[in-house]
Amino acid sequence: MKLQFNKKCLILALIISLACMPIATAGYNDVGIEVSSAYKVVPESENVHVTKQIIFTNTDPSTTYKRGYYSTFNHYLPQNAKNVKAYDVGKRVVFQKVEEGYHVFQYNRRVWYGESYTFYVEYELDINRNSAVFYILENGENTEVTLEVPAGFDTHLARNGYELEEMEYSSIYRFQRGMDWSSSCLVNTVRHTEHLILSDVAHLQERDVRIEIRYWEGEEVWAQQMLDTALISLPILEETWGMPYPASYDITITQANLTETGGYGGFNKGRAGIWMLHTSSSEILIHELAHYWTRACNFDQLWMDEGYADLYTYIVLNETNPEKAVERRDRFLQKYEDFRDEYDFPLSEWNIPESLDASSGVRVDFGYKKAFALAYELYVDIGLENMKYSNQAFAASGTPVDEDAFMDIISTSSGSDITSIKSYIY
Ligand SMILES: [Zn+2]
């Protein structure tokens with residue numbers, strides 16, 4: 001199993017987007033801003049169409065006597081927003097992209113004290129025909145949001161607090177005005193089609209293994225990426241693990257939604273194949289492929305399985321994409337350090353639930369990072385060649401490898417004192 005990477009809610013601390021630009025020297029606090037945002041998933045156009053109505057009211061007392069007015073508005077739009085349009089009743093509103101996502105909209109008239117100005121912003125976000133993953137990115141205290149998804153999609157929102165209305169042709173999620181939008185909300189929605197098949201053969205040390213990717217219509221890019229990753233990674237796993245592909249069966253990789261994976265990024269079900277969340281990357285597939293070898297090593301403890309799967313993900317990436325390997329390693333080790341004070345526990349007590357929720361997620365994630373930290377330390381200490389000898393000894397042991405057996409085999413095959421890793425386990 002592998003925890004999915006996209007955090008439940010992306011914290012966008014830097015978005016203070018509703019700051020207004022007064023012409024008179026007035027504070028930003030005394031104006032009224034009311035935003036009504038509608039997100040509509042339009043699979044046939046392969047986009048999410050976003051419409052925002054923004055009502056700006058000048059209630060800033062300092063503009064009464066100074067004859068000041070407001071005429072521009074700063075607003076943050078997602079980086080991947082395209083076809084951005086703005087207009088008021090009947091006329092285009094000119095805008096300029098000033099920096100990373102920030103747009104300055106120029107009102108078509110001056111907004112004097114006591115007046116309101118209403119305008120609209122539209123843009124689109126790219127999605128696939130049968131799957132959409134995007135953020136509802138809002139802010140302000142006076143914002144209402146609706147999301148419309150066509151019937152037949154399986155939808156997950158990363159936050160609660162909405163009302164759901166099921167219509168004949170669509171589902172409508174409504175967040176009432178006044179909710180807190182300081183964090184964005186990840187939307188993950190999928191429409192199952194029959195699985196299509198993409199396949200090829202990996203020429204491995206002892207035999208040819210057929211790789212079959214089962215994917216939904218419209219997910220061809222993902223499918224090709226998974227197939228390429230499997231073809232490239234399997235020979236490297238054989239070489240660096242010191243063992244030929246250990247399973248007796250071919251490999252099926254099935255694209256799955258969040259419900260099917262229980263919140264995890266992937267699952268290796270042995271003979272029944274690997275189940276991959278449709279948003280999961282190549283790195284997660286390498287991790288799942290590595291589990292064929294962790295099983296062959298008779299590991300008895302979760303931390304051995306997951307620590308080694310993530311270590312070998314690093315080792316494979318180090319050959320195929322060294323920059324990513326280093327970035328991922330550093331991110332994992334950093335996370336281990338960051339969460340250690342709050343979440344630490346001995347790895348011998350680690351377990352993971354069938355499915356993840358917000359409360360179990362962080363502990364599970366911490367366990368993965370700690371198991372990786374242990375495995376990485378071991379790898380640095382004894383080196384790849386000694387890792388291979390000990391891997392072969394694990395596999396040859398023929399019985400479940402518990403903590404004592406693990407320590408014995410590692411110190412025998414490497415001739416090293418590895419007692420330092422005990423502090424991770426107990
Ligand atoms: Zn795993």
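Hi everyone. Helices (H or I, at least four residues) and strands (E, at least two) are DSSP runs here, numbered from the N terminus. Tyr173, for example, sits in strand β14, residues 170-175. This is a predicted model, where local features need pLDDT of at least 70, side-chain atom pairs count only at pLDDT 80 or more, and totals for chains, interfaces and linings use all residues. Residue numbers start from 1 along each chain as its sequence is written.

Let me stay with Tyr173 for a moment. Tyr173 has 19 other C-beta atoms within 10 Å, so it is partly exposed. For contacts, the C-beta atoms of two residues, placed from the backbone, must lie within 7 Å. Leaving out neighbours within four places in sequence, Tyr173 is in contact with Thr146, Leu147, Leu157, Tyr162 and Leu164. Its C-alpha atom is separated by 23 Å from that of Leu356, 183 residues apart along the chain.

Now the sheets. Strands of a sheet pair through backbone hydrogen bonds, either parallel or antiparallel. I call two strands paired if DSSP finds at least two bridges between them. β14 belongs to an open sheet of seven strands, ordered β6-β9-β4-β3-β11-β14-β13, with mixed pairing. At the edges are β6 and β13 (163-166), each pairing on one side only. From one strand to the next, the twist averages 15°; axes are lines fitted to C-alpha atoms, for helices over the stretch in contact, and angles run from 0 to 180 degrees between N-to-C directions. Inside this sheet, strand β4 (residues 47-58) and strand β9 (residues 116-126) run antiparallel, joined by eleven bridges. Val48 has Leu125 as its bridge partner in β9.

Beyond four places in sequence, Asp88 touches Val93, Asn108, Thr118 and Phe119.

There is also an open sheet of three strands, β10-β15-β12, with antiparallel pairing. Six bridges pair β10 with strand β15 (residues 185-190), and Ala132 is bridged to Thr189.

On to the domains, whose bounds come from an automatic or database domain assignment. That assignment gives domain 1 (13-190) and domain 2 (196-425). Their C-alpha centres lie 41 Å apart. Each domain gives nine residues to the contact. On the domain 1 side, β10, β12 and β15 are the elements that give two or more residues.

Finally, the cores. By nonpolar core I mean a set of buried Ala, Val, Leu, Ile, Met, Phe, Trp, Tyr and Cys residues joined through C-beta atoms within 7 Å. The largest has 63 residues, and Met226, Ala230, Met276 and Tyr312 touch the most other members. Helix α5 (residues 302-320) gives this core its largest share, ten residues. Apart from that core lies another, of 31 residues, including Tyr39, Ile54, Phe119 and Val187.

Definitions and conventions. A residue is buried if 20 or more other C-beta atoms lie within 10 Å of its own, exposed if 12 or fewer, and partly exposed in between; C-beta atoms are placed from the backbone.
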